[in-house]
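Could you have a look at this one before we talk? I've put my notes below, point by point.

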Amino acid sequence: MARYPRLEVNLQVIERNVSTILTRCQKWQMRPVFVTKGFLADFPLVQLLYEMGVRNFADSNLANLVRMRTFFGQEVRLSLIRLPMIQELGTIVENECIPFISHWETLERTNTVAQKRRKVQEVVLAIEMGDAREGFLPEELFHIGERVKDFPWVSVVGTASTLACLNGVLPNEKILQQLIKYKEDLKKELRKEDFFLSVGGTTFFELWEENTRWEGVDELRFGEAFLFGSDISRKKIIPWLEQGAFRIWAEIVEIRSKEIDPHSGQGFDAFGESVHPHFQGKRKRALLALGKQDIDEHQLYFADSGATIVGATSNYLVVDVEDSTKEYQVGDVLCFRAGYGAALRAFLSPYLEKVYVKGEGVRDEYKIQR
Ligand SMILES: *Cc1c(COP(=O)(O)O)cnc(C)c1O
């Protein structure tokens with residue numbers, strides 16, 4: 001018997017996206033790096049990628065990379081794309097993960113840890129390009145050739161930039177040209193022929209769609225593109241990819257016409273956020289056994305245009321179905337398309353069953369089961 005709530009992942013949709021992206025990256029002469037943090041590097045999905053020939057993975061959580069090292073051995077290249085904690089350096093060296101680094105102090109500690117294990121550790125220098133998140137400021141990297149002489153057990157193999165993550169700063173041609181110049185300078189300073197420039201995430205695809213060839217960018221890191229076929233930094237879908245690989249099913253546990261009391265005092269919601277309810281009189285509302293603990297309600301999409309998600313508490317999702325032509329009842333199971341934030345939280349929630357399917361990609365999104 002099927003259990004709800006459930007997260008359903010359609011492997012066929014993802015397979016087609018991966019295949020499309022692999023072809024494009026080959027044309028663009030760029031190394032594709034598949035970011036696995038959005039689904040906790042869950043085995044069925046990373047296995048699919050591996051079987052399709054993917055050998056470059058990146059994650060912001062070291063435990064996910066260590067698991068992939070165990071699954072796939074030395075054949076895969078693993079990047080830790082969140083700056084490491086000092087306590088993680090031993091595990092990083094042992095598992096040959098390549099971390100992003102943005103401090104000389106961290107580089108020095110890495111050198112010490114690597115020396116102890118008699119293993120040269122590859123690292124990538126993160127560079128700040130305007131999103132004000134992680135990375136060295138470009139001017140800190142002048143004369144790097146001199147500085148890395150102190151760290152013989154560390155090999156700086158590339159530089160990386162990430163945009164549109166914290167402040168929504170979008171990449172453009174100027175930023176890219178600047179990055180390419182920094183890379184060339186670093187390459188000269190370090191005297192490394194295959195020193196590379198890595199950019200991410202999905203937001204960068206747009207630049208290749210426009211231009212197709214950026215001499216000097218070697219690697220593209222992305223998660224959202226192959227998983228969701230969308231680019232949330234521009235609030236758009238990527239038309240040459242497919243959406244809808246992630247669906248969430250949840251059951252209606254109450255359905256009634258209800259009215260928000262307009263006369264009592266207005267406080268805050270259960271999370272301390274201010275609320276601005278619409279006092280519209282009685283409206284038919286469905287309560288589903290699914291909540292903020294399991295999903296991000298702002299990134300759930302429901303196909304019934306007469307229904308609106310009005311909010312969520314820790315354990316209920318509330319859908320206004322007053323204007324719907326469908327007859328919803330208690331016990332009905334509704335199906336939502338999930339965006340990045342909703343799917344990530346669903347993977348993290350122990351309350352959802354995770355199911356992988358290989359069936360048809362497109363289907364009735366609000367299908368009701370009794
Ligand atoms: C998450 C992440 C990515 C991938 O971002 P998407 O928007 O999912 O494509 C790339 N690089 C870094 C450093 C990240 O943290």
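1. First, the ground rules. This is a predicted model, with local features needing pLDDT of at least 70 and side-chain atom pairs counted only at pLDDT 80 or more, while totals for chains, interfaces and linings use all residues. Residues are numbered from 1 along each chain as its sequence is written, and side-chain values use heavy atoms, with hydrogens and water left out.

2. On to the ligand. Its surroundings comprise 13 residues, the closest being Lys37, Thr202, Gly223, Glu224 and Tyr340 (a residue is near if one of its heavy atoms lies within 4 Å of the molecule). By class, the shell splits into four nonpolar, four polar and five charged residues. Here Ala, Val, Leu, Ile, Met, Phe, Trp, Tyr, Cys and Pro count as nonpolar, Asp, Glu, Lys and Arg as charged, and the others, Gly among them, as polar.

3. Polar contacts next (pairs of N or O atoms within 3.5 Å). Glu224 uses a backbone N or O atom instead, 3.0 Å from an oxygen of the ligand. Taken alone, the ligand exposes 390 Å², of which the protein buries 91% (Shrake-Rupley areas, 1.4 Å probe).

4. Where does the ligand sit? In the second largest pocket. A pocket here is an open set of points on a 1 Å grid over the protein atoms alone, where a 1.4 Å probe fits, with protein on both sides within 12 Å along at least five of seven lines; sitting in it takes more than half of the molecule's atoms within 2 Å of its grid points.

5. The salt-bridge count is 23 (a side-chain nitrogen of Lys or Arg within 4 Å of a carboxyl oxygen of Asp or Glu). One of them pairs Arg6 with Glu353, closest N and O atoms 3.8 Å apart. That pair links strand 1 (residues 6-10) to strand 18 (residues 353-357), its partners being 347 residues apart. Strands (E, at least two residues) and helices (H or I, at least four) are DSSP runs numbered from the N terminus.

6. Finally, the backbone. Tyr4 and Pro5 are joined by a cis peptide bond, omega about -5 degrees, with Pro5 in the segment before strand 1. Gly200 to Gly201 is also cis, omega near -5 degrees; Gly201 belongs to the loop between strand 8 (196-200) and helix 8 (205-211). Gln29, not a glycine, has a positive phi of about 55 degrees, in the loop between helix 1 (11-27) and strand 2 (31-35).

Key:
Polar contact = N/O pair within 3.5 Å; in protein donor to acceptor, adjacent residues only side chain to side chain. 1 Å grid on protein atoms, 1.4 Å probe; cavity = no way out; pocket = protein on both sides within 12 Å on 5 of 7 lines; lining within 4 Å.
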